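Good morning, and thank you for coming.

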Amino acid sequence: MSRPTGRVLTLLELLQSGGTRTVAELADRLGVEGRTVRRYVDQLIDLDVPVESVRGRYGGYRLGPGYRLPPLMLGDDEALAVLLGLVSGRRAGLTTAERTANETASAKIRRVLPRHLARRLDALLETLAFTERPGGFDTPDAGVLLTVADAVRHRRPVSIRYTDRDGQRSERTLHAYGIVAHSGRWYVTGQDAGIGEDRTFRLDRIADARTLPGSFEAPPGPGPAQRVLSGFATAEYRHEVTLRIHGTVEQIRARLPAGVASLEEHEPVADQDRTAERWLRVELRAERLDWLPPVLASLDRPFVVERPDELRHLVAALADRLASYARQA
């Protein structure tokens, strides 16, 4: 690479770091005169890189928005951060692009990595393990995600075409409070204007989103993430379960997180130490009950099943099986 071409690329990297750079600053960093900086800027503009000239005492040059992404200059740490983000996002299901787009983006960066850095990255990926197996998650449409995000930011209603888990299709007007990533999926939470109630929607089930005229005020109270978790804990399922468990909030949350169950004190006592063990009422809803007895056993805390009776029978059956296993020689 010739020295002038290398300096042009260095100039692009400096501008990509953000802010406005004066001609004097750029000339000093590149080791050239001011008029040479201007010539390099002209070369970038000829390549359709959107370099803007800023007038005034503190003027200079900065990158502006363009009709396409310009060549991106990344340092070693930045390249590693982007690649690991792509790998982790694809592994966790939190990507808005199809798998091929994720893979081609990774390949483009890896293709130009310095050899020493590529070797270190390969070593990391070979030794990296995840605690969960990859899921077959459906990814949301990038256009839908960006449209909803813009509606959230500007507090504007958005019309969505939605397909629920039973395959029923509907068109709704949503006052979206926020977007939440949870357990490998993207969700949007807000008020369904048609029924005047808060709802949570999976973004990958939204086929189309259009911003509507008007505006709304987000209500006070929990943030979007807490609303999503509370929605999961109170969603309509086959079984409604109520328990009393003696322990701390931390002990119970280790097995029954906020997205699964809600907690409240049973017979609260004034001025009680909030970190002390005490009786807590736990409520949750579930489509099946067979997973709950092992979870309650793993808590290793005293508990009482208030409802349903079916869960009480399942717990007793598990206890009998464990006792029989323990008696075997």
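Which residues are linked in a network of salt bridges? They are Arg244, Glu264, Arg281 and Glu306. By salt bridge I mean a side-chain nitrogen of Lys or Arg within 4 Å of a carboxyl oxygen of Asp or Glu.

A word on the source. This is a predicted model, in which local features need pLDDT of at least 70 and side-chain atom pairs count only at pLDDT 80 or more, while totals for chains, interfaces and linings use all residues. Residues are numbered from 1 along each chain as its sequence is written, and side-chain values use heavy atoms, with hydrogens and water left out.

Of its 329 residues, 32% are buried. Here buried means under 20% relative accessible area, exposed over 50%, and partly exposed in between, with a 1.4 Å probe and protein chains only.

Let me return to the salt bridges, of which the structure holds 17. In general, side chains of opposite charge can pair when their charged atoms come close.

One of them joins Arg202 and Asp204, at 2.8 Å from N to O. Arg202 counts as buried, at 13% relative accessibility, and Asp204 is buried too, at 18%.

A second pairs Arg285 with Glu240, whose closest N and O atoms are 3.6 Å apart. Because Arg285 belongs to strand 10 (residues 278-286) and Glu240 to strand 8 (residues 239-247), this pair ties together parts 45 residues apart in sequence. Both partners are partly exposed: Arg285 has a relative accessible area of 26%, and Glu240 has 34%.

Arg312 is partly exposed at 33%, as is Asp309 at 47%.

Glu13, Asp76, Asp77 and Glu78 gather in a surface patch of negative charge. Patch residues have over 30% relative accessible area and no salt bridge, and like charges are joined within 9 Å. Helix 4 (residues 76-92) gives the largest share of this patch, three residues. Asp77 is placed in helix 4 and counts as exposed, at 66% relative accessibility.

Terms used
Patch = residues over 30% accessible without salt bridge, like charges linked within 9 Å, V, L, I, M, F, W, Y side chains within 5 Å. Areas by Shrake-Rupley, 256 points an atom, 1.4 Å probe, with all protein chains shown as cover. Lys, Arg positive; Asp, Glu negative; His and termini not counted. Charge placed at Lys NZ, Arg CZ, Asp CG, Glu CD. Helix = DSSP H or I, 4+ residues; strand = E, 2+ residues; numbered from the N terminus.
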